Amino acid sequence: MDPVITPEQSVQHASFLSRYKYTIISLCVILVALIPLIILAKNSKKPMPATTAVVVPTVTPTTVPLTQQNAEPTLSATDTSVQNALDQSNQDLNSVNQIDTTQDSTAGL
Amino acid sequence: MTKKIVLSLSILILFIMTFAQVKPVLAVTTPGQRLTNEANRLENAASRSAARQSTELANIQKRGDAMITERITTLQNLITRVNNDSRLSADEKTSFVNDVNTTISNLQALKAKIDADTDATTARADVKSIVTSYRVYMIYEPKERLSVIVDNLLTTTTNLQNQIPQIQALLDNLKSQGKDTTALQNSLNDITAKLTDITTTLSTDKTNLSGLSAASANYTTVISGVKTDLSHVRTDFTTIRTDFTSLEIGFRALFKTTTSPSPTTASSSAQ
């Protein structure tokens, strides 16, 4: 007569592979799914940081009535603003004079 | 006798062998062979020519790409300059930036065309058009930079002109109090006249500059004319600054006599 094997004994005697069959399959599926994810993550470039053009606001002077109290500082400020405009135009003119126009030569093309 | 025959045969064999060796040299090529040789020679020449043209095309494309990159960098610097300006109005900035961006887009399209060119002749013509169609350094950049200067100085002129009525009102007020405002009025008149001249000059320059394009033959005259005008305008502004200093000093003197009582009056009232 064959000895009777209880379900508990059957589980104890099963091999490691058959005991953890579904766990191993799940792990394999996860690993396989991770591969394209890793590849995609490596290939995807970081987005370029958005370049924000810093636009300097235009200064619009407000004209206030000239009085004895504010005449001198107003005239002085006006003089300074003219000087600044002239300095800036001087810088810009220097930039114009430094342009290398020979780069627009068609010689050798 | 046998010896002689053997000797003769040997000499004959030697003779034949000698000619057999020389045969390739003296060989006469047949028309078929000649045709094959010619075909091979032409094939080799064509192959060498194709390789040379391919290298030439690559070199032209490389040069074109470098030229366009340089120009785009220049134009982007121009945009930065405009955006950093504190005198140009928002509309003026938008107009400048849009214009420069259009040029950049056109250059990028030309770069794509050059990169796609398949023969050296077309590529060379396209590279040449980087210069002839845009004139970035000869015309475009000077035009844009000078236009920025002109617009800036026109803004400064407008700001000064807005102050003239205020100064005139103050002078009139002082005059009504019996003050001698003759010197101050002369300075103000000079400022007004100079500002009018400056406006006329700069407005003309602005029109002339806006008319410039890559095809303009008179660009040297226009650009050098604007530079000369700017030199005169700067001199006029220097005179205006001197006039403003005179106004400051004059007003200070007049205000002193207006606000502080004279020593004589003070002593007499004390008595």
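This is a predicted model: local features need pLDDT of at least 70, side-chain atom pairs count only at pLDDT 80 or more; totals for chains, interfaces and linings use all residues.
Residues are numbered from 1 along each chain as its sequence is written, chains are lettered from A in the order in which they are written, and side-chain values use heavy atoms, with hydrogens and water left out.

**The interface**

Select chain A and chain B together: 45 residues of chain A are in contact with 54 residues of chain B, contact meaning heavy atoms within 4.5 Å. The area buried between the two chains is about 4,200 Å², and carbon and sulfur atoms give 62% of it; buried area is the accessible area (1.4 Å probe) lost when two parts are put together, summed over both. Select next Gln68(A), Asp104(A) and Leu109(A), which supply 18% of the area that chain A buries against chain B, more than any other three residues.

**A salt bridge between the chains**

There are four salt bridges between chain A and chain B, each being a side-chain nitrogen of Lys or Arg within 4 Å of a carboxyl oxygen of Asp or Glu. Select Glu72(A) and Arg252(B), which form a salt bridge whose closest N and O atoms are 2.8 Å apart. Glu72(A) lies in helix α4 (residues 71-97) of chain A and Arg252(B) in helix α7 (residues 219-259) of chain B, so the pair joins two chains; helices here are DSSP runs (H or I, at least four residues), numbered from the N terminus.

**The second largest pocket**

Turn to chain B and select the lining of the second largest pocket, which includes Glu92(B), Phe96(B), Lys143(B), Asp151(B) and Leu209(B). A pocket is an open set of points on a 1 Å grid over the protein atoms alone, where a 1.4 Å probe fits, with protein on both sides within 12 Å along at least five of seven lines, and lining residues have an atom within 4 Å of a point. Helices α3 (90-116), α5 (136-176) and α6 (182-210) of chain B each supply at least two lining residues.

**A loop residue**

Finally, select Arg135(B), found in the loop between α4 (120-132) and α5 of chain B. Its phi is near 45°, a positive value in a residue other than glycine.
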